[in-house]
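Try each one yourself before you read the solution.

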Amino acid sequence: MNDKLKAVAYARFSSDNQRDESIDAQIYAIENYANQHNIELVGTYIDRAKSATTDQRPNFQKMITDSGTGVFDAIIVHKLDRFARSKYDSAIYKQKLKVNKVRLISVTENIDGTPESIILESVLEAMAEYYSKNLAREVMKGLCENARNAIHTGGIPPLGYDIQDKKLTINPHEAEAVRIIFRMYNDGNSYGEIIHTLNRNGYKTKRGNDFGKNSLFEILRNEKYMGTLTYNKSSEKSANGTYNRHQYKDDTQIIRINDGCPAIISKDEFYRARERQEYNRQSTQSNRMRQKYLLSGMIYCDICGSPMHANRRRKASQITYRCCKRYSLENCECKELNLHWADSAIIKTIKSRILSEKNIPHILEVIQKYNDTQANSHTDTILAYTQELSEIKSAKANILDAVESGFAKEHFKDRLNTLIQREAYLEHQLRVISTTNNFRVNRKGILLLINKFKRLVKEDDTVSLRIMLDDFIEKITVDNNTLYINLKGVWCEDKILTVQRYG
């Protein structure tokens, strides 16, 4: 019978830290450790040039997934910082391993599950995270200083430039492509026309690919082409370690060195292109506002559950709401719905069933019933939550008494954490209930809503009407016979209003 512990090795090398042990050195140390401790290595997971400050490491993620298969009992790393440098990530993934009954073993750090080793492990993780963030800060200082001295800060240079003696120099062939882009764009050509011209004449991106819209967008916004060297422009990493290349930092954080690199185009050409980009962006937003139909994002197919989108028929000057799976592989059988009829039907229904002066007494009565029900419900909830909080405080006190008396158990820690989390949740819920006001409205307030609704309908203010409808309607579903208007709030005792469909 083989009683050997089965384990896998995990090794990682970070491209931003050249002082880390090599992959080979880590694997060698892990193999020695396994031999000395009678452990059978059954696999190896390696991430090259991957930082441990993020969990976006493909083989790391595969290893965590595989830990649930029962193939291995432990993961061996050379040092804990190979596993993770973020205390948050470390805690999350160690918990997953714990659920899968897989141990994490460090070759150089004695982590054996004792209370003392738990403290040591926390200190080591904190030191690793501090080291990583401090190193990033120091590296950033050096890169910013290089940028101020017009020294290239690394990475692939922009199209039109090469690197010589750590400085940007013009690549004549690529620079001609940049001039074509700016000249054609400023002459009013579209992205598609520019791309066609570049690709037809054999120009390629810096990576050797055909041009696309994204590459043009970045080129037209790159200040280096007018001779202004920029650095520290892109936004910070998101929580998952990715960048939004179209989002920039505040101007006070961006380093700009005028004449820091050779110019390919004039400043006038650059700013003309910038102005056109801004104009196009604003025009696009304006068009989106004009094309926002009344029920967009609110109306769904009742047959397959998919959203219905506005669709303009080519052979007729008619706009419909169409199920997005109508002409897909699923081929939903829900017929298209005449958009103008549907919008009018919804407006008429809300106006007659809710926003009508004859309905005011009924609305006030429904609201009062709702408030009374809410008050009773809140009273019961408050009593239940308060009682549970009292029980939690007693349980916490019992655990602490047991620990002080020398009855420390590993499961006490998990139980205490669970109680603390539940306590925080209940206290939050009680604060929410205490600050929740009843639905307060009087006859005058309802009249104001009715008059506003009438005015918006008369002015055909689609955007404002949509905002008002959001206060009344949860969603609208449609089949081939009926519109179902699912209401929210307390405006009507009927939660679903129905309208027989036309078109």
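**Exercise 1. Work out how helices H6 and H8 pack, and which residues make the contact.**

Keep in mind that this is a predicted model. Start with the geometry: H6 covers residues 172-186 and H8 covers residues 213-220, and the two pack at an angle of about 90° with their axes 11 Å apart. Anything from 65 to 115 degrees counts as roughly perpendicular, so H6 is roughly perpendicular to H8. Now pick out the side chains. H6 brings Ile-181, Phe-182 and Tyr-185 to the contact, while H8 brings Leu-216, Ile-219 and Leu-220. Finally, sort them by class: the contact has 6 nonpolar residues, with no polar and no charged ones.

**Exercise 2. Find out which residues of H2 are buried and how they are arranged around the helix axis.**

First list the buried ones: Phe-60, Met-63, Ile-64 and Asp-66. Then look down the axis of H2. The buried residues fall within an arc of 165°, so they line one face of the helix.

**Exercise 3. Decide whether Ser-67 is buried or exposed, and name its contacts beyond its sequence neighbours.**

Locate the residue first: Ser-67 sits in the loop between helix H2 (58-66) and strand E3 (74-77). Its relative accessible area is 1%. The cut-off for buried is under 20%, so Ser-67 is buried. Now skip the neighbours within four places in sequence; Ser-67 is then in contact with Phe-72, Leu-97, Asn-100 and Val-102.

**Exercise 4. Do the accessibility call for Ser-390, and find how far it is from Glu-423 in space.**

Ser-390 belongs to helix H11, residues 360-404. At 40% relative accessibility, Ser-390 counts as partly exposed. For the distance, go from C-alpha to C-alpha: Ser-390 and Glu-423 are 9.5 Å apart, though 33 residues separate them in sequence.

**Exercise 5. Zoom out and describe the protein chain as a whole.**

Count the elements: the chain has 14 helices and 15 strands. Then take burial, where 37% of the 503 residues are buried. For contacts, consider those between residues at least 6 apart in sequence; 62% of them join residues at least 24 apart.

Methods: Residues are numbered from 1 along each chain as its sequence is written. This is a predicted model: local features need pLDDT of at least 70, side-chain atom pairs count only at pLDDT 80 or more; totals for chains, interfaces and linings use all residues. Side-chain values use heavy atoms; hydrogens and water are left out. Axes are lines fitted to C-alpha atoms, for helices over the stretch in contact, and angles run from 0 to 180 degrees between N-to-C directions. Helices (H or I, at least four residues) and strands (E, at least two) are DSSP runs, numbered from the N terminus. Angles under 35 degrees count as roughly parallel, over 145 as roughly antiparallel, 65 to 115 as roughly perpendicular and the rest as oblique. Contact means heavy atoms within 4.5 Å. Ala, Val, Leu, Ile, Met, Phe, Trp, Tyr, Cys and Pro count as nonpolar, Asp, Glu, Lys and Arg as charged, and the others, Gly among them, as polar. Buried means under 20% relative accessible area, exposed over 50%, partly exposed in between (1.4 Å probe, protein chains only). The arc is that of the directions from the helix axis to the C-beta atoms.
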